[in-house]
Amino acid sequence: MPGPFAVTLIIPAYREGNRLPGLLDGLVGEALAAPAPAAEIIIVDDGSGAPDIEHERAATRKAAARLEDAGSAHRVRLLEAPENRGKGAAIRTGWSCADPAATWLGFLDADGAVSARETWRLVRMLESSAEIDVLAGARVLMAGRAIRRSLVRHLQGRVFATLAERAFQLGFYDTQCGLKLVRAALLRPLLPLLREDRWLLDLEMLVLLRRAGARFREEPIDWSDPGGSKMVPGLDALRMAVGLWRLRRRLI
């Protein structure tokens, strides 16, 4: 792989054969439309199996070819985990294979809820972010931003955010938004300490970064629920509550 890259962006993918191709097309199109820090995009398939993995392979080959044909400094590749372990485990796998010279490490959810345009908007912000260490998307409904999600999902998210804030006092509005970029010099020493395999990796990482003195910025973004969520209403809320309790016991 050519390099060095300024940013390594991990996309954890589990059964995303239908949605990932569109996201990659958008990411490549936006990357070629305007200058941006050189980025490697690593898709980590989390044990999807056929036919999803075949779609992901084809989409990755197409995206990689477009970037190479254009002479772009950006690159994209696919890693395949042998079994499903969860979003957090997939992200950690990707980071372990990232360009060691990358200045920033991040991740983006594969469902397309955060658009390619918004993703690159935040990546481009890194060039003028000398005073921050964590740039995180936030689903905040405010002037100039559009948030589209169901009332049930919104309420569930706000309940979790309230519990997380009471547990860890991070001062974060939205710990679980699926786009985060972290200064690699701060994150790399913490990677061996990360244990969460699923949704709580976001929160675990933020807690450890806060302890390390990281400077946070939440950036309001456009966000749209693409449908097809793998979450189970009620059951997953209970799982996350139990996980939050266990995480607090471990970290506090």
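On the α1 side the contact includes Leu20, Leu24 and Val28, and on the α2 side it includes Glu56, Ala59, Ala63 and Leu67. Contact means heavy atoms within 4.5 Å.

Quick housekeeping. This is a predicted model, in which local features need pLDDT of at least 70 and side-chain atom pairs count only at pLDDT 80 or more, while totals for chains, interfaces and linings use all residues. Residues are numbered from 1 along each chain as its sequence is written, and side-chain values use heavy atoms, with hydrogens and water left out. Helices (H or I, at least four residues) and strands (E, at least two) are DSSP runs, numbered from the N terminus.

Okay, α1 on its own. It covers residues 20–33, 14 residues in total, and reaches 20 Å from first C-alpha to last, close to the 20 Å expected at 1.5 Å a residue. That expected span is 1.5 Å times one less than the number of residues. Leu20, Leu23, Leu24, Leu27, Val28, Glu30 and Ala31 of α1 are buried, with buried being under 20% relative accessible area, exposed over 50% and partly exposed in between (1.4 Å probe, protein chains only). Those buried residues of α1 fall within an arc of 165° seen down the axis, so they line one face of the helix; the arc is that of the directions from the helix axis to the C-beta atoms. What do the buried residues of α1 pack against? Their partners are β1 (7–13), β2 (39–46), α2 (52–69), β3 (75–81), β4 (104–108) and α4 (116–125).

Now α4. The axes of α1 and α4 come within 8 Å and cross at roughly 45°. The contact takes in Leu23, Gly26, Leu27, Glu30 and Ala31 of α1, and Ala116, Arg117, Thr119, Trp120 and Arg124 of α4.

Back to α2, which has 18 residues and reaches 26 Å from end to end, C-alpha to C-alpha, close to the 26 Å expected. Asp52, Ile53, Glu56, Ala59, Thr60, Ala63 and Leu67 are its buried residues. They cover an arc of only 125° around the axis, which puts them on the same side of α2. Arg61, Glu68 and Asp69 are exposed on the other side. The cover over the buried residues of α2 includes β1, α1, β2 and β3.

Where is the cis peptide bond? That bond runs from alanine 50 to proline 51, with omega near 0°, and proline 51 sits in the loop between β2 and α2. Just after α2, glycine 71 takes a positive phi of about 70°. Arginine 15, in the loop between β1 and α1, has a positive phi near 55° without being a glycine. Glutamine 169 is another non-glycine with a positive phi, about 50°, and its place is in the loop between α5 (151–168) and β7 (179–183). Buried or exposed, glutamine 169? Glutamine 169 is exposed, at a relative accessible area of 64%, whereas arginine 15 counts as partly exposed at 49%.

Note on methods
Axes are lines fitted to C-alpha atoms, for helices over the stretch in contact, and angles run from 0 to 180 degrees between N-to-C directions.
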